[in-house]
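Student: Could we go through this structure together, one topic at a time?

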Amino acid sequence: MPKLTINGIEVEVERGTTVLEAARFLGLPIPTLCHDDGLTPYGACRLCVVEVANGPRSKLQAACTLPAEDGLVVQTHSARVERARQLLLELYVATTPQSKTIQDLASRYGVTQVRLAPEFEDCIQCGKCVRICREQMMAGAIDFAYRGARRKVMAPFRPQSDICRQCGACLYICPVCELRCHGAEAETTLCSGCLNFAPACLDYHDHAMCFLDPCVACELAGPLRQDLVWPEAKRPESPK
Amino acid sequence: MGETPNLQELLRDWPDRPDSLIPVLQEIQEQFHYLPEPALREVAGRLRVPLSEVFHVATFYNCFSLEPVGRHLVQVCLGTACHVRGAPRVLDRLLRDLRLGTPGTTEDFEFTLRTVRCMGCCGLAPVARVDANTHPHLTQAKVPGLLKKYRRKEQAQAAD
Amino acid sequence: MPRLQSRADLEARRAAGLRARDPAKPCLAVCAGSGCTASGAPEVLAALRESLQRAGLEGSVELKSTGCHGFCEKGPVMLTWPEGTFYNQVAARDAKEIVASLSNGRRPVERLLYRDPTSGQRVQREEDVPFYRFQQRVLFGNNGRIDPKNIDDYLGVGGYAALANVLAGFTPEQVVDWVKRAGLRGRGGAGFPTGKKWEVMRAQPAAPKYLICNADEGDPGAFMDRSLLEGNPHSVIEGMIIGAFALGAREGYIYVRAEYPLAVEHFRVALKQAEECGLLGENILGSGLDFRIRLVQGAGAFVCGEETALIASIEGHVGEPLPRPPFPAQKGLWGKPTVINNVKTWASVPVIVNRGPEWYAGIGTAGSKGTMVFSLVGKINNTGLVEVPMGITLREMIYKIGGGIPGGKQLKAVQVGGPSGGCIPASLIDLPIDYEALTEAGSMMGSGGMVVMDETNCMVDVARYFMEFLEEESCGKCFPCRVGTQRMREVLTRICQGQGAEEDLKLLEDLGWMVRETSLCGLGQTAPNPVLTTLRYFRDEYLAHIRERRCPAKVCKQLITYSIEPTLCDGCHACVHVCTTEAILGEKKAAHTIDAAKCIKCGACLEVCQPKAVLVT
């Protein structure tokens, strides 16, 4: 059974466990986009990178595909990891600013600037839809096609697949296209509504829109925090 | 064009296994000059590879084309040595003379223009290959003559 | 061809071949590599054959075609034996004179001899040509001597003796030990110690085991693997058979890129001949070793040079890399232990066995042993393949061997290592070339591509060019590489168009850092190198584009203007004939002008203007 050290904590796991699984077992939060427990690991989003010591040198490696081995020394929240996550998320926000999942991750990991023009793409090519179609639904109706910047997910030859059973698994599992950000109309690419701790949904809607997957703001200081009391006078100014 | 290539005969040369996929596609590309959809569907069935994966392989590699290619394939090298010695200008001139906005096939199906990253003839930069012939030390000025040579071949053959 | 069933059989055949040759018999050896073939070698060969027949000499003079000599710039090239006379830029019409010189007191044809550009002297022998004199052609030396399609030629220069020695007297562990002691490092790019990789593979319990030769030489500007495969394919085969013995592999593959049809053809011929002789197949030379090699062709993807992508391609998938660990030596082809090495690495193995590990380790520097083969191309007088001991300086490469920069221009930078490498500025010209020194300077040895640039190359444009290449060749699987290279290329294009801002430099550095640190494979991890090194050494050029909207090298189209200096123009009208956009106006014999609105800055007029009246500002 391999014994490895994560953030200074020694942990022994079964052979075949990944570093991501070992870290989660210890309760350490590692962000992921392309990972799902029911699908084979893919290692494409790179958000789960951790710092792995290799003698005097260390490098960043994706935790979801890294097998836990004896003697491995891992840091999940080093300065290098934090910087990598922030720059990755800056690029993610610029690619799909309309995605609530991505905006939440950006807030959570302290992204404060997006220096690139927003592209509003629909897909981050995490491959979850392809994998769920192939591995769980045993259909393989969709796959990636082309290469590099032109790479995309599609059915062969034309948009309509002749073997798709319309199960909806791909829609369900997509981290980007499903949950749209219902927050305030952000003036900048980076919503940061959460960072301002002003849960904006209640200004525009009758109820918090994200009850299935709360916004960071709501988690920290919003209406879903039962233990907090919001006297009228103390409520922060809502942005307009 | 010669004989119509026979897909069944072609497939007989290769074992019905997933790792035959790329060599089979290479042969189809060579004989048919592109990868027709019905051929890809047949291959997927025979080699037991999902059609969506066959499509990914067919669109991933530069050598494969889902569209028929022109009579003459012009490949301009844009490798580092060629770039440094002016290949982009040769490419621009070819695009202009063939009336193409981006590399592709001319309307009359005479030429298909593609860019390649390095044919390994760096000592002869800038280089372009037309069909099986390699043309060294190209300049913009040589482009019209080059294209004319291949067009003339067509006219001579048509006249026979 | 009778099968060689033992070492004695091999030696008997070798001896018979040598006896059948008359060392005094004249031989004309014409280079038929891809480069010389494109320059007209087939016509030269045909003309020589005809001239020999006309002179009645076809029985007494041997005519053969050989592999690449490496001096493609001066092709077609040929050698005459036994003198070792080197002729360059030979044309079909020279055949008669060459054949005549064979009887004419054997005096060489002066005008076909290499002429040193600085001294003006003619040089007769190949080894005296400055381009060759300072090389140590351990791997390439035989290219000019042998016909790659004739296994007896290879036997004649000692081929397969190393294999026979290994099978007769070594244990597999000894072979691995020799490779380790020689200090051989992978010549594909990363420079990983080969002996160590072999050890890891040997230690794996799983079976069967595989060997792969990576011949997907994708770096633009590199063509040494091509030359070796075309010119001496048996040297690679011999290395792989020795490897099979040492590593317990029974099946090997060679993955050759699609763009190298001649290399594929020559290698197939060599495989067939080796199989016919029994050097491949079952019970090789009676030793009990079984080993076969299959040739697989690439389908056009630079990323397939990455080892896990290459393996995926052999298995029939797209060339998308897999995370490492596990490494191919542990879990590679079909999930089994696989050693994958570059063409030159495999070809080095028989050399190490023949000359001994101490001899090999005696060449080069402390950390980088042996010779390295570079392709010296770009703005340099002598372009071609150069094999030198590790540790030679850039200065020696460029001036002693390369003959300096043409047109009296100034050296500006040398791009080493292809798109994964970086630009070394002229100020570091005394840098010794080895793995460590290059990495410290921000570049990388890579596969040995060395592109020389002068003052007419814009370093921002160079960075943009490489980023464009990597963006196109990225497999697209991982986010930082796919999107990062695209965004970086967009920023670089803006800067080239004079629309950059100063913050763009920090943005490029940040994005570059992130792409390098988080990408899945070597392509992405090294993609930012050209940008980061040009930012480090040529920052002022970036700033000129940004602050002054000026391209110092006068390359970036949006920042330059073409005009005609009226006092120099003689009205010859040559420019008007080549201008495809009718942007030049003028009466014959009167000064011409360029209409900037129509000018597309293609440079055609600049190329033809004799009085040099076309100005670029």
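Tutor: The conversation below moves from confidence to chains, contacts and single residues.

Student: What kind of model is this, and how are things numbered?
Tutor: It is a predicted model, in which local features need pLDDT of at least 70, side-chain atom pairs count only at pLDDT 80 or more, and totals for chains, interfaces and linings use all residues. Residues are numbered from 1 along each chain as its sequence is written, while chains are lettered from A and ligands numbered from 1 in the order in which they are written.

Student: What ipTM and pTM does the predictor give the complex?
Tutor: The complex receives an ipTM of 0.90 and a pTM of 0.90.

Student: Let us turn to chain A. How many helices and strands does it have?
Tutor: Chain A has 7 helices and 7 strands. Helices (H or I, at least four residues) and strands (E, at least two) are DSSP runs, numbered from the N terminus. Along the sequence of chain A, the pattern is β-β-α-β-β-β-α-α-α-β-β-α-α-α.

Student: Which domains does chain A have?
Tutor: The assignment gives domain 1 (3–77), domain 2 (82–120 + 179–234) and domain 3 (128–173) in chain A. Such bounds come from an automatic or database domain assignment.

Student: How many residues do domain 1 and domain 2 of chain A each bring to their contact?
Tutor: Domain 1 of chain A brings 6 residues and domain 2 of chain A brings 6 residues. Two residues are in contact if their C-beta atoms, placed from the backbone, lie within 7 Å. On the domain 1 side, the residues are 4 nonpolar, 1 polar and 1 charged. Here Ala, Val, Leu, Ile, Met, Phe, Trp, Tyr, Cys and Pro count as nonpolar, Asp, Glu, Lys and Arg as charged, and the others, Gly among them, as polar.

Student: How much of chain A is buried?
Tutor: Of its 240 residues, 41% count as buried. A residue is buried if 20 or more other C-beta atoms lie within 10 Å of its own, exposed if 12 or fewer, and partly exposed in between, with C-beta atoms placed from the backbone.

Student: Next, the chain pairs. How many residues do chain A and chain B give to their contact?
Tutor: Chain A gives 11 residues and chain B gives 9 residues. The chain A side has 8 nonpolar, 1 polar and 2 charged residues.

Student: How many residues of chain C are in contact with chain B?
Tutor: In that pair, 45 residues of chain C are in contact with 36 residues of chain B.

Student: Which element of chain C gives the most there?
Tutor: Helix α2(C) gives the most to the side that touches chain B, with 4 residues. The chain C side divides into 19 nonpolar, 19 polar and 7 charged residues.

Student: Inside chain C, at what angle do α11 and α14 pack?
Tutor: Helix α11 (residues 233–247) and helix α14 (residues 343–355) of chain C pack at about 75°, with their axes 7 Å apart. Axes are lines fitted to C-alpha atoms, for helices over the stretch in contact, and angles run from 0 to 180 degrees between N-to-C directions. α11(C) is therefore roughly perpendicular to α14(C), a term for angles of 65 to 115 degrees. Among the residues that make the contact are M240(C) of α11(C) and W346(C) of α14(C).

Student: Where is the cis peptide bond with omega near -5°?
Tutor: That cis bond runs from G75(C) to P76(C). P76(C) is in the loop between β2 (62–66) and β3 (78–81) of chain C.

Student: Which non-glycine residue has a positive phi of about 50°?
Tutor: That residue is N7(A), which sits in the loop between β1 (3–6) and β2 (9–12) of chain A. N7(A) is partly exposed, with 15 other C-beta atoms within 10 Å.

Student: Last one: is T59(B) buried or exposed?
Tutor: T59(B) is buried, because 21 other C-beta atoms lie within 10 Å. T59(B) belongs to helix α4 (residues 51–60) of chain B. Leaving aside neighbours within four places in sequence, T59(B) is in contact with A145(A) and Y146(A).

Note on methods:
Angles under 35 degrees count as roughly parallel, over 145 as roughly antiparallel, 65 to 115 as roughly perpendicular and the rest as oblique.
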